[in-house]
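Thanks for making the time this morning.

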Amino acid sequence: MAKYIFKRLLGMIPTLLIIITLSFFIVRIAPGGPFDGERALPEAVKANIEAKYHLDEPVLQQYGRYLFDVVRGDLGPSYKYKDNDVNYYIFTSLPNSAVLGSVAIVLALFFGILFGVMAALYQNSWIDYLTMAIAVIGISVPNFVVAPVLQLVFAMNLGWLPTSGWYTTGEGYATIVLPAISLSLAYFATIARLTRSSMLDTLRSDYIRTAKAKGMKNSTIIMKHAMKGAMLPVVSYLGPAFAGVITGSIVIEQVFRVPGIGKFFVQSSFNRDYTLIVGVVIVFSVILVIMNFFVDIVYALLDPRIAY
Amino acid sequence: MFNKKKKDENESGAVNEFDQVVEGNSLTKDAWKRLRKNKMAVIGLVVVCIYAFLSAFASFLPLYAYDEIVLDHQNLPPSWNTSAGDLMMQDKLEDLYFTSWKEGRLLLTDEQDAQIREWIEESKTTKVWDLVYTEGQKQLAAGNFAWTASEQKKIDKLQKEIETELFITVNNVKVDGVKIEKLSSDEVAQIYADLLGLDSTTAILEQTQKEMRSLVQNDLDLTDDQRAVLSEEDFAKRVDEAIADMGEETYQQKVVDNLVGKVDAQILRNVTKELKAQNTEGTISFPYDEMITVDGNVTTEVIATLKSNRHYLLGTDYSGRDLLARIIYGGQISIMIGLVGTFFSVFIGIVLGALAGYLGGRVDYIIMRIVDVMYGLPYMLIVIITMAIFGRSIMNLFIALGIVSWLTIARMVRGQIMSLKNSEYVEAARSMGAKTWRIIFKHMIPNSLSIIIVYSTLRIPAFIMQESFLSFLGLGVQAPVASWGSLISNGVSSMTIYPWRLIFPSIAMTLFLFAMNFFGDGLRDAFDPQSKNQL
């Protein structure tokens, strides 16, 4: 097991390196630099600014310098926002996004598994049909439609929940509910469908029949035996789900005015704020890669057939 | 689909040992039978067909142009039978009633006053408008309320506008039955001079030359810095060169186009004056569509409608464009992006997957490692960066989405090819000396086509969603072109006051995605019954 973990840890390095390299060079071959404003700067001023940010060096040297800084945990200065560096902007907004994303994932997992298992146990009952109906809606309706519609219905017309805002600015924890639900719906849908189908498969398998023949209690069979096997597809879906939550949160944050990292990402893309774009991508990728790592470990622990 | 041979046998009447006609069966036929039994999939297919039909024939439908801006008709609500003019008047009256209520001239009951204050508090303005409007109309009819002189003036002015403002287009300007674009520049200049009442064409031609030169000068391939240092003479020289490069014919055609534009504009001015006069006299009825003679031998087709007669079934957007037309044209763009993008990504996926699966070894290893690493990337972020940086054109969108979405199809095709690699017919083809690419593209890919088609069907809604996601962020297609995503994004910004701008595009898009998903799921279940209940 330790060897497996070590191997997976090593495998993370090339992925991260590729991400950094790719985003670093994409933003640099782009036409138009960050200082191409509406007004042309005098040559001398431009040269000074470029020297300050080391933009006058050969690209490879810039790349090397950047890699070295990233390894030390420094994402560099922002080209657009002069007050603070990239680290400051990312790490003040990241916690908000992290809270939103985690709540959404937990909601999706909890209700997805609950509804999926219920649907499988009571196949062709009303709960099965209800789950599948919500699942189809969740998969077909994009989150940028779900979010404003929920906002319109539950916040504006019924007035049950706040329209927008975030708890850090003193608007109460109820502000989390709507964004988290909008973000989690698609993943709830997929998890419920996955759980249902794999649960149905597992319940028909031989080892469950054996357990039944041994006279075990039904609840023990489901909780102890069936669940473990049925969770495998769900666990392997978690990787893509994390990636989806990360990108999805960009839209959700925009609709609900959550002071998260998504805003910086879109804005800095428009501003050509190289360091901030690459910084956000690196942070997102690190989170994603770590999540995928844990997903793999959990999968290996759950599935005795996997050899490591 | 791939069983032509069996069909031939059928036609020649193949029989089994009991002399019964043998019905040829194929996977496709079987799958089709299963698909037809799946009610939701069939409904999905029908809906998809309706959408496809609407977007394919959008330009033949009686729709307003999707990019036609009518500034007076901003944010009009959807309505089946009320014309734009009436809606404009209603808007105005609502506004005026509300002001008079605030000034205490429109008296309502205490309960209504309290209700309105509460609504204002909750920013439910639409409800307030409705209430003051109905109450105001009632009181006005009963004679309990009267407009002040200045309000009455405003209302009369709007009424006059509604009755007189025309929407005129001039098409097909012809001279003696010949299209004006086909004439030489001198002839067109002469027509223009006649229209203006000038004696000679010299001034016109000189003016046109000047305009053409400045146009060419703006198009010169120079940076701003270079432009700043060039002198007049330098510019003149470069412009001369550019014109010489263009060739005499092209240049003359451009001059003619420029002049034709002027003639069109002048005719439009004259016609507008004429029609307005006729409208005031009441000697014209709308819609007006006739060939008229402008000046001697110049004829043109004039289409005129009363602006306020327009009907917007689904309302209008922030610049007075018809939402119905925008949703249909937006759907055209979205569906096209879904189809072309899927085709593009499936193509890359097939080629790479087939190569990896067939060649195996090092090629396989490298391609599959690339796939693995790319799976770990937050690829939408890469797409967002690419779009933000390389410009927001539809072409870039295809490329950006296509490059990151070939992974799954490549894996699938690879698996399929690997399992087919050792089958007898491939062996046979190889022993007869068929080349690798021929075996792959002639034998193996057609045999994996059914799973590829099924996968592609499920890919289209995903592609449409991704495109809409980018458009929602402002990184997709740019106005005046619309896609569902950009329409929804525009709708969100004003959903409390003008909810129809959010609701209709959302419904249009969701319905299509529903249909597409049901159809795709049904197709997959039909082709592979074992996959039922799986994702």
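Let me start with a question: at what angle do H5(A) and helix H21 of chain B pack, and how far apart are their axes? What we are looking at is a predicted model, and in it H5(A) and H21(B), which covers residues 500-527, pack at an angle of about 115°, with their axes 9 Å apart. The crossing in which H5(A) passes H21(B) is right-handed. On the chain A side the contact is made by A:Val136, A:Ile139 and A:Ser140 of H5(A), and on the chain B side by B:Thr510, B:Leu513, B:Phe514 and B:Asn517 of H21(B).

Let me step back to the whole interface, where 42 residues of chain A are in contact with 34 residues of chain B. The elements of chain A that give two or more residues to its side are helices H1, H5, H6, H7, H9, H10 and H11, and the largest share, eight residues, comes from H1(A).

Now to chain A itself, which has eleven helices and zero strands. Its C-alpha trace spans about 85 × 55 × 30 Å along the principal axes, and of its 308 residues 39% count as buried. If we take the contacts in chain A between residues at least 6 apart in sequence, 74% of them join residues at least 24 apart.

One residue that I would pick out here is A:Ile277, which sits in helix H11 of chain A. Why does A:Ile277 count as buried? The reason is that A:Ile277 has 30 C-beta neighbours inside 10 Å, and the cut-off for a buried residue is 20 or more. Leaving aside neighbours within four places in sequence, A:Ile277 is in contact with A:Ser23, A:Val27, A:Ser268 and A:Ser269, and also with B:Ile385 from the other chain. By contrast, the C-alpha atoms of A:Ile277 and A:Trp126, which are 151 residues apart along the chain, are separated by 47 Å.

At 1.5 Å a residue, the 19 residues of H4(B) should span 27 Å, and because its end C-alpha atoms are 27 Å apart, the expectation and the model agree. The buried residues of H4(B) include B:Leu87, B:Met88, B:Leu93, B:Leu96, B:Phe98 and B:Trp101, and B:Glu94 is also among them. Helix H6 (125-142) and helix H7 (149-164) of chain B are included in what covers these buried residues. Just after H4(B), B:Gly104 takes a positive phi of about 80°.

Finally, there are some strands in chain B to consider. Strand S1 (residues 166-175) pairs with strand S4 (residues 298-306) in the antiparallel sense over eight bridges, and within that pairing B:Val175 has B:Val298 as its bridge partner. S1(B) also pairs, again in the antiparallel sense, with strand S2 (residues 178-179), over two bridges, and here B:Lys174 is the bridge partner of B:Lys179. The hairpin of S1(B) and S2(B) has two residues between the strands, and in that hairpin B:Asp176 takes a positive phi near 50°.

Conventions. Residues numbered from 1 in each chain as written. Chains lettered and ligands numbered in written order. Predicted model: local features only at pLDDT ≥ 70, side-chain atom pairs only at ≥ 80, totals over all residues. Pairing = 2+ DSSP bridges. Helix = DSSP H or I, 4+ residues; strand = E, 2+ residues; numbered from the N terminus. Contact = placed C-beta atoms within 7 Å. Expected span 1.5 Å × (residues − 1). Buried ≥ 20, exposed ≤ 12 C-beta atoms within 10 Å, placed from the backbone. Axes fitted to C-alpha atoms, helices over the stretch in contact; angles between N-to-C directions. Left-handed = near helix turned anticlockwise from the far one by under 90°.
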